Amino acid sequence: MASKAQMRWESVLDGKFRRLTFRNEMTAPDGTRSVFEGHAYYWASAKGTYRGTWFDSRGAVFPIQGKADQDVLESQWGTPQTEMGRTVYRLVDGKTLEVIDSVRGPGGAWEEFGRMTFTR
């Protein structure tokens, strides 16, 4: 499946929040197209830690807990009643961001379901 993904981070609401906007247009081998979109709002809750809320085009709304260390932001999202996931944002260099998405499987292990690189 081919995909065309876009990600944008911006400061919003008088600099109190960082908004993440994500859009992925996917085309299946048979030509069928689908679009997935999501927005998250992050705010600092203590030094190096973040909280947030994720909203997406599936209708999902998840709480986010994150921690930042150097050039890495690791976010854990979801609830045991919905699904539990993890997204790791790693700044590879001054222009390249690697994003790795995983979901917690039935046995408790993290199962990667997405890996993308964004260059500005």
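The protein chain here has an accessible surface of about 7900 Å², and 52% of that surface belongs to carbon and sulfur atoms. Keep in mind that this is a predicted model. In terms of secondary structure, you're looking at nine strands and zero helices.

**Overall build**
- Starting at the N terminus, the elements simply run β-β-β-β-β-β-β-β-β.
- The C-alpha trace spans about 50 × 35 × 25 Å along its principal axes.
- A compact globule with 120 residues would have a radius of gyration near 14 Å, so the 15 Å of the protein chain agrees with that.

**Packing and charge**
- Out of the chain's 120 residues, 31% count as buried.
- Take the contacts with a separation of 6 or more: residues 24 or more positions apart account for 18% of them.
- As for charge, there are 17 positive and 15 negative side chains, and the centres of these two sets lie 5 Å apart.

**A look at Glu-10**
- You'll find Glu-10 in strand 1, which covers residues 2-12.
- Glu-10 counts as buried because its relative accessibility is 18%, and the cut-off for buried is under 20%.
- Setting aside neighbours within four places in sequence, Glu-10 is in contact with Phe-17, Arg-18, Arg-19 and Thr-21.
- Thr-21 sits 11 residues from Glu-10 along the chain, and the C-alpha atoms of the two are separated by 8.6 Å.
- The Glu-10 side chain also makes a polar contact, at 3.3 Å, with the side chain of Arg-8.

Technical notes
Residues are numbered from 1 along each chain as its sequence is written. This is a predicted model: local features need pLDDT of at least 70, side-chain atom pairs count only at pLDDT 80 or more; totals for chains, interfaces and linings use all residues. Side-chain values use heavy atoms; hydrogens and water are left out. Helices (H or I, at least four residues) and strands (E, at least two) are DSSP runs, numbered from the N terminus. Buried means under 20% relative accessible area, exposed over 50%, partly exposed in between (1.4 Å probe, protein chains only). Contact means heavy atoms within 4.5 Å. A polar contact is a pair of N or O atoms within 3.5 Å; within protein, one must be able to donate a hydrogen and the other to accept it, and residues adjacent in sequence count only if both atoms are side-chain atoms. The radius of gyration is taken over C-alpha atoms; the globule rule is 2.2 Å times the number of residues to the power 0.38. Accessible areas come from the Shrake-Rupley method with a 1.4 Å probe; for residues, only the protein chains shown count as cover. Lys and Arg count as positive and Asp and Glu as negative; His and the chain ends are not counted. The place of a charge is taken as NZ of Lys, CZ of Arg, CG of Asp or CD of Glu.
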